Amino acid sequence: MARQLPPMLSVRAFEAAARHGGFAKAAAELFVSPGAVAHQVRQLEEWLGVELFARLPRSVELTDAGRAYRASVEQVLEDLERASAELRRHADDNEVTVTAMPSFVTRWLMPRLGQFRAINPQIEVRVLASVPPAEFVRDRVDVAIRLGAGPYPGLTAEPLLDEHFFPVAAPALLAEHGAFASPRDLLGMVLLHDEFEPRIPEQIDWVRWFKAQGVLVPKRLQIPRLRFSHSYLTLDAAASKQGVAMASDVLASDAVGQGLLAMAWPGAVAGPYRYHLLQNKLSSAPRRPVQCFVEWVRGAAYDFRRAN
């Protein structure tokens, strides 16, 4: 006789609603309407013969049965995620998948990947450039590099690189302008901005950098400026004499070393975040390609810091 199992869509909807404490946030995560989540949960309750949520006038709460069921469901889903990840990794035993933010990929990781490939020519490297948090199972990610303060639930987090910020511009632009007498002189330049800055609370931007130099920027001061969606675009604009960029040393030091950019003023300010090396706690012992990449990127970060 076939085993009787609850409908998986309903189980998934219940787990999301239980985790978020309501149907609306669960719906946003699952890309469906709150009504669809409520319908799936109701179907599951009818199948189980128990009420999982108490419906209140403006919210829902887990019942005792719902709390007990949630604990069981979460364990099952974790086991399923682990089994799926291991099966998919077995199929790609000689591949390592790495994800990082686009600017970090283009400005730090890509210029160094040749070193890794020279040491490990047999390992296939798959690089995903993305801003949202890494989806380790869905995207078959082995290692993620992210900028933040943590914590990172469900992940092991290892500090990789700290950041320091300073203004940079094309050497030709600085030569045309002449030496700055003080950081205040930069207020007369075209200041380039990242649109990404406001999404990272307390990140070092122009206002915070000027403040650290003892220069207060009037709120209504009209500063000619350009905005870009990613830091690597801002740095490209600076290298092409479009203005002065506020740069992370992690992203700009290679270009400074190559003479494509130059420091416009020597005052470097420590950033509030650091890059972390992340791995999924649910995974078993890392495969050899993953171990090789992790060891290599640790060494590359160490060498970078020694050189800068």
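Helices (H or I, at least four residues) and strands (E, at least two) are taken as DSSP runs and numbered from the N terminus. The model is predicted, so local features need pLDDT of at least 70 and side-chain atom pairs count only at pLDDT 80 or more, while totals for chains, interfaces and linings use all residues. Residues are numbered from 1 along each chain as its sequence is written, and side-chain values use heavy atoms, with hydrogens and water left out.

**Exercise 1. Backbone exceptions in loops**

Task: Locate Phe31 and Arg140, and state the phi of each.

Solution. 
Step 1. Phe31 is found in the loop that runs between H2 and H3. Its phi is near 60°, a positive value in a residue other than glycine.
Step 2. Accessibility is classed as buried (under 20% relative accessible area), exposed (over 50%) or partly exposed (in between), with a 1.4 Å probe and protein chains only. Phe31, at 77%, therefore counts as exposed.
Step 3. Arg140 occupies the loop between strand S4 (124-129) and S5. Arg140 is not a glycine, yet has a positive phi of about 55°. With a relative accessible area of 26%, Arg140 is partly exposed.
Step 4. A further backbone feature is the cis peptide bond joining Gly150 and Pro151, with omega about -5°. Pro151 lies in the loop between S5 and strand S6 (155-169).

**Exercise 2. Helix length and kink**

Solution. 
Step 1. Gly21 follows H1 and has a positive phi, near 75°.
Step 2. H5 has a kink of about 50° at Leu109, shortly before the proline Pro111. The bend at a residue is the angle between axes fitted to the seven residues ending there and the seven starting there.
Step 3. Among the buried residues of H5 are Phe104, Trp108, Leu109 and Phe116.

**Exercise 3. Salt bridges**

Task: How many salt bridges does the structure hold, and what does the pair of Asp236 and Arg107 link?

Solution. 
Step 1. A salt bridge requires a side-chain nitrogen of Lys or Arg within 4 Å of a carboxyl oxygen of Asp or Glu. The structure holds 18 of them.
Step 2. The side chains of Asp236 and Arg107 meet in a salt bridge, at 2.3 Å from N to O. This pair links distant parts of the chain, 129 residues apart: Asp236 is in helix H8 (residues 231-239), and Arg107 is in helix H5. Asp236 is partly exposed at 39% relative accessible area, whereas Arg107 is buried at 16%.
Step 3. Arg42 forms a salt bridge with Glu45, the closest N and O atoms being 3.1 Å apart. Both lie in helix H3 (residues 34-48), three residues apart, about one turn of the helix. Arg42 is partly exposed at 36%, and Glu45 is buried at 3%.
Step 4. Salt bridges also link Arg12, Glu15, Arg19 and Glu29 in a network.

**Exercise 4. The largest pocket**

Task: Which element gives the largest share of the lining of the largest pocket?

Solution. 
Step 1. On a 1 Å grid over the protein atoms alone, a pocket is an open set of points where a 1.4 Å probe fits, with protein on both sides within 12 Å along at least five of seven lines; lining residues have an atom within 4 Å of a point. Grid points are joined across faces, edges and corners, and the volume is the space filled by probe spheres set on the points.
Step 2. The largest pocket holds about 1,500 Å³ of space. Of its 42 lining residues, the closest to the centre are Pro133, Ala134, Glu135, Phe136 and Pro153.
Step 3. H4 gives the largest share of the lining, seven residues.
Step 4. The lining divides into 24 nonpolar, five polar and 13 charged residues. Here Ala, Val, Leu, Ile, Met, Phe, Trp, Tyr, Cys and Pro count as nonpolar, Asp, Glu, Lys and Arg as charged, and the others, Gly among them, as polar.
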